[in-house]
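I opened this model to look up a few contacts. My entries are below the display.

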Amino acid sequence: MIISLVIHGAPGTTQGAQTALTFCRAALAAGHRIYRVFFYEDGVHNANALSVWPQDEQDLNAAWASLVREHELDAVVCVASALKRGVLNADEASRYEKPAASVEPAFDISGLGQWVDACLNSDRVVSFGV
Amino acid sequence: MGNAALVLPDGRRITLDQDGYLTRLNDWDGEVAEALASHDGISLTPEHWVVINLVRQFYQDFGLSPATRPLVKYVGRHLGEDKGKSLYLMTLFGGKPALTISRLGGLPRPANCF
Amino acid sequence: MSTLHIVNKSPFRSDALQRCLALVAPGDSILLIEDGVLAASLSTLADSVSGRSVTCYALIDDLAARGVSAADTCIRSVDATGFVNLIVEHRNSLSHG
Amino acid sequence: MKTLTFLARSAPYGSSKAKALLDMVLSAAVFEQKIQYIFLDDGVYQLLAGQDPSSLAAKNVSAALPALELYGVDQVFLDLASLQARGLSTDQLLIPVTTCNAADISKMLAASDMVFSL
C-alpha cells in the first residue's frame, strides 16, 4: 500500500515526530511504499540540520535524516512553515539575506501543493503530532 | 547576494526580492506598478489597471493573494462573465496571470508556491 | 468502510477522547497513542464503546513507557507493525488534536 | 478526484491551527478536489463575525472565509451542538454554512478518502 505521513510536531517537544519515525520504519519493514513525508508547522524543526542533541539521547533529527537517505524517501518541509521557523536552504538564506542555511540537505523545501499531491497519490495519509 | 532593485524615473529606488516581489509592501504605488510592468515587457492600459485594482481589492477583502481560479471568478463577478476567463487575463498579463497580477499589484509573495 | 480514530492526548488534560467518542461510528476503531494511552487504564472507556461495534487499541510501547496497563481486556495492545496494519485495514484515519 | 474532509476544531489566534488548516483547504481547492470543511468544537469561533485581531498584530483569519466560495469550496458545515454549547447562534456567523450534527459528521467521515483535523 502507498502511504504518506504529515508531521506537525517538533522533535523533543511532543512525541509525535518520534511516533511518526517508528511508524515509518514499521511501514517500510512491512513492505509498504512511503510516497512522501510532509513536515508542516512545527514539524519542520525535524529537518533542522543545526540541532545538537545530548550524547545520551536519541538524536531524532539525525534519525530522520538517516531514514530519509537510507530509503531515499521524498521528505518535504512546507516552505511557509519553514521560513517562519528559520529552516532555510542556501537559496532561501541568500534570498532573504540570512546568515546561515539550516535545513538538512536530504529534505526538500516546497509548498502545500506537495501535500495535496501526496493525498492524490497515496492510499493513506496519516497525521502525527497534531 | 544582494537583492534586485527597481529605479523609478523620479530616482526612487525600490528593493525587490529575487522573484521580483516588493520587499516592503508600502513602497507600492501606480508608478511602481508601471515600472514593474515595463520590466516584464507589459505596457499598462486601462484594461490592465482595472484588473490590478481588483487584485488589490481581493487582497483587501480576503487577506489572500489569489490563485488563478478564484481570481478569474472574482474578475467575472466584477467585470462581467466575458472577462471572467483565464484567457482574458493571460492575454493581458501572459502565462501565469494570478502570480503576475499579484506581483504588479504589490501583494505579498504567496506563502505557498503551488 | 471505516475510520481509525487516533487519540494522543491524556483524557485528564484534554477532551480529545470525548470529542473522538462523539464521532465514532459502528465499525470504526480507536487507537490510543502517546499520552492517549492513559485512557486505557480507565474502565469507563470500555463502557463508552460497549455495544457500539467499536474496537479499542493502545500502542504497547506507549503503555510500557508509562508503566500503565490496559484495565480491560477489551483494549488490545498493538506494536508499530500493528499500527501500520490498522492504517491499512481502515479506509481513513483521523488524528484527533 | 479524492474526497478530503477537514475538521476545524480550534479557536483562532491562540494557536496557528485555524490558519494552518485553512491553508490546507485552500491548497486542496486549487487542485479541485472534493472538499468538506466542517467547523466543530472550538472551531466554531472561527466563523464568528466581528473578529478584530488588529491589536494582536495578527492577520484576520476570518477574512478569508467569504473567499471559500470563489475557491470552489462550497461544502462548509457547522456542528450545531458545538455552537449551542458555547452560547452562540447562527445569526452571529460571518458566512452562510450548513448546520449538521455528530451523526452527519460521522457519515461524512465514512465517505472520505482522507481526514485532517486541527
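These notes cover a chain interface, a helix pair, a salt bridge and a loop residue.

I am working with a predicted model, where local features need pLDDT of at least 70, side-chain atom pairs count only at pLDDT 80 or more, and totals for chains, interfaces and linings use all residues. Residues are numbered from 1 along each chain as its sequence is written, chains are lettered from A and ligands numbered from 1 in the order written, and side-chain values use heavy atoms, with hydrogens and water left out.

**Chain D against chain A.** I looked up the buried area first. It comes to about 1300 Å², with 73% on carbon and sulfur atoms; this is the accessible area (1.4 Å probe) that two parts lose on being put together, summed over both. In chain D, Met24(D), Met114(D) and Phe116(D) lose the most area to chain A, together 35% of what that side buries. The contact (heavy atoms within 4.5 Å) takes 16 residues from chain D and 17 from chain A.

Which element of chain D gives the most to the side that touches chain A? H1(D) does, with 6 residues.

**Helix pair in chain B.** In the contact, Glu47(B), His48(B), Val51(B) and Ile52(B) of H2(B) meet Tyr88(B), Leu89(B), Leu92(B) and Phe93(B) of H4(B).

**Salt bridge in chain B.** I found 24 salt bridges over all chains. One joins Asp29(B) to Arg12(B), with the closest N and O atoms 2.7 Å apart. Both residues lie in loops of chain B, so the pair ties together parts 17 residues apart in sequence.

**Val97(D).** I placed Val97(D) in the loop between helix H2 (80–85) and strand E4 (98–100) of chain D. Not counting residues up to four places away in sequence, Val97(D) touches Leu47(D), Val76(D) and Leu78(D). The C-alpha atoms of Val97(D) and Gln75(D) are separated by 8.2 Å.

How values were computed
Helix = DSSP H or I, 4+ residues; strand = E, 2+ residues; numbered from the N terminus. Salt bridge = Lys/Arg side-chain N within 4 Å of Asp/Glu carboxyl O.
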